[in-house]
Amino acid sequence: MTEFTIHDEHTAPAEVAPALAKIHKGLGFIPNLYGIMAESPQAFNAYQALSEQFRKTSLPKGGQDVVWLTVSRDNACHYCMAVHSTNALRSGLDSETVTALREGKPLADPRLEAIHRFAHAVVAEQGNVGQDEVRQFLAAGFAQRQILDVIVGVAMKTLSNYINHLAHTPLDDAFTAQAWEA
């Protein structure tokens, strides 16, 4: 197994050190995933750019959390499941919804369930989503824009999930209460 370095603002390449310092100041720590991604400024910056754009999408409240948790569960990413469970609860997503997402069960909210099903289909079918799934998503009140918005979230989480798989990213103390096993 390759051991990945977990950088901080003092050991990271110069291109990303200021961003890590800003994250450290804002959170009080640097999440291990960011420390690992910092080895490649391009990986770090790509993830940050996808994250910034995904946060601007037109998905309804809780929809982004649903995408993050659905993709992370489908990809069996222990690190991201813990992080996004913690963040979803902090942002106001109810615990029943978070529990259902962690367990791969349907959601009570029909619009969030439509996002959940669609994001799952994108991952499971590697983007080759059938027209029935697309029609169901659109029938739930979404538009083509939200199809593309979900794909941005899938790309973002796939990047971090795969990095975590390869790096065996250790879970930060801040997220241990929501540790998850596949």
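Q: Why is H168 called partly exposed?
A: H168 has 47% relative accessibility. Buried means under 20% relative accessible area and exposed over 50%, with partly exposed in between (1.4 Å probe, protein chains only), so H168 counts as partly exposed. This is a predicted model, where local features need pLDDT of at least 70, side-chain atom pairs count only at pLDDT 80 or more, and totals for chains, interfaces and linings use all residues. Residues are numbered from 1 along each chain as its sequence is written, and side-chain values use heavy atoms, leaving out hydrogens and water.

Q: What makes Q126 count as exposed?
A: Its relative accessibility is 71%, and exposed means over 50%, so Q126 counts as exposed. Q126 also has a positive phi of about 50 degrees, although it is not a glycine. For background, most residues other than glycine have a negative phi.

Q: Is L89 buried, partly exposed or exposed, and why?
A: L89 is partly exposed, because its relative accessibility is 33% and that class lies between under 20% and over 50%.

Q: Which residues is L89 in contact with, leaving aside neighbours within four places in sequence?
A: They are D94, S95, V98 and Q178; contact means heavy atoms within 4.5 Å.

Q: What makes a set of residues a nonpolar core?
A: The members are buried Ala, Val, Leu, Ile, Met, Phe, Trp, Tyr and Cys residues joined through side-chain atoms within 4.5 Å. The largest such core here has 52 residues, and L20, V67, I115, F118, F137 and V150 touch the most other members.
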